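Subject: Structure for you to look at

Hello,

Here is the structure I promised to pass on. Please open it and keep it beside this email as you read.

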Amino acid sequence: MKLTALFFTGSILLLMSPCIKWCGSSTPSPSPWPKQFHALLYMNMSGRFLKLSDFWYDWPKGRGVNIFQRQLGGILYDIEWDNGTTFYYTLDSNRYCRVMESEVGILRPDFLDGANYLGTQLTDGFLCHVWEKIDFIWYYEDVISRRPVRWDFYDGISSHVMTFEVGAVLPDFVTQAPEHCFNQESHRDTLELENHPPLYRLSPH
Ligand SMILES: *[C@@H]1O[C@H](CO)[C@@H](O)[C@H](O)[C@H]1NC(C)=O
Ligand SMILES: *[C@@H]1O[C@H](CO)[C@@H](O)[C@H](O)[C@H]1NC(C)=O
């Protein structure tokens with residue numbers, strides 16, 4: 001009798017054990033981006049070339065800044081404003097500048113809301129929660145620290161987060177587009193624009 005009862009209780013506990021892990025709380029959600037942060041990103045452009053991005057996200061100031069260093073190449077500034085204007089320029093002798101207008105601004109801190117949870121995966125040596133959103137982005141967040149570790153776009157561009165400094169703010173003067181952006185004589189064709197994927201697809205409608 002007692003053995004049966006023990007066995008019975010044991011079976012119930014075994015049956016319930018997945019609940020201890022999953023049923024108590026719902027599937028994990030990605031942490032929203034901090035309102036201001038600085039990250040150094042190592043980017044693999046689908047195997048075509050590599051670059052670093054000095055990335056400064058600043059939601060209160062309504063701007064996202066990438067300062068790209070292409071491997072053994074030049075530096076390209078990419079200053080995105082929440083009003084939809086983006087300035088791409090170099091400060092070298094090419095004096096390249098291209099100004100683009102889009103209908104949406106920078107990514108919202110909660111742009112990953114509604115992403116599908118895919119479980120955990122070991123990537124770059126970190127155990128991560130993984131989410132996918134609209135077949136556009138795959139996002140890896142460290143299970144323990146909840147910091148982003150990596151994100152991949154549908155076109156194969158992957159970004160690996162090397163540093164992540166919450167609260168760091170880029171001085172305003174760095175984001176001031178140079179004179180040759182406001183000058184028709186600027187040399188516009190000297191640098192191939194390294195477009196990133198159309199992030200507006202992640203914006204709410
Ligand atoms: C870059 O990504 C490609 C796949 O897109 C991969 O084959 C290659 O090994 C990667 N290179 C580096 C240096 O990470
Ligand atoms: C958006 O804001 C930036 C920075 O203040 C400014 O340079 C740009 O002209 C603005 N764009 C529009 C369309 O107002």
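In what order do the elements of the chain run from the N terminus on? They run α-β-β-β-β-β-β-β-β-β-β-β. That comes to one helix and 11 strands. Here helices (H or I, at least four residues) and strands (E, at least two) are DSSP runs, numbered from the N terminus.

Two points before the details. This is a predicted model, where local features need pLDDT of at least 70, side-chain atom pairs count only at pLDDT 80 or more, and totals for chains, interfaces and linings use all residues. Residues are numbered from 1 along each chain as its sequence is written, while chains are lettered from A and ligands numbered from 1 in the order in which they are written.

**The sheet**

Strands of a sheet pair through backbone hydrogen bonds, either parallel or antiparallel. Two strands count as paired if DSSP finds at least two bridges between them.

**Hairpins and pairs**

- Strand S2 (residues 50–58) and strand S3 (residues 63–70) run antiparallel, joined by eight bridges. Trp56 stands opposite Val65 in S3. The two strands form a hairpin with four residues between them, and Gly62 in the turn has a positive phi of about 65°.
- S3 and S4 are antiparallel and share seven bridges. Phe68 stands opposite Leu76 in S4. This hairpin also has four residues between its strands, with Leu72 in the turn at a positive phi of about 55°.
- Strand S4 (residues 75–81) is joined to S5 by four bridges, again antiparallel. Glu80 has Thr86 in S5 as its bridge partner. Three residues lie between the strands of this hairpin, and Gly84 in the turn has a positive phi of about 100°.
- Strand S5 (residues 85–89) pairs with S6 over five bridges in the antiparallel sense. Thr85 has Glu101 as its partner in S6, and Tyr88 has Arg98.

**The core**

How much of the chain is buried? Buried residues make up 20% of its 205 residues. A residue is buried if 20 or more other C-beta atoms, placed from the backbone, lie within 10 Å of its own. A nonpolar core is a set of buried Ala, Val, Leu, Ile, Met, Phe, Trp, Tyr and Cys residues joined through C-beta atoms within 7 Å. The largest one has 25 residues, and Tyr88 and Tyr89 touch the most other members. S1 gives the most to this core, with four residues.

Tyr89 also has contacts beyond its neighbours within four places in sequence: Tyr77, Tyr96, Cys97, Ala177, Pro178 and Cys181. Contact means C-beta atoms, placed from the backbone, within 7 Å.

**The ligand**

Which residues are around ligand 1? They are Asn44, Ser46, Gly47, Leu50 and Gly156. Each has its C-beta atom, placed from the backbone, within 6 Å of the ligand.

Best wishes

Terms used
A residue is buried if 20 or more other C-beta atoms lie within 10 Å of its own, exposed if 12 or fewer, and partly exposed in between; C-beta atoms are placed from the backbone. Two residues are in contact if their C-beta atoms, placed from the backbone, lie within 7 Å.
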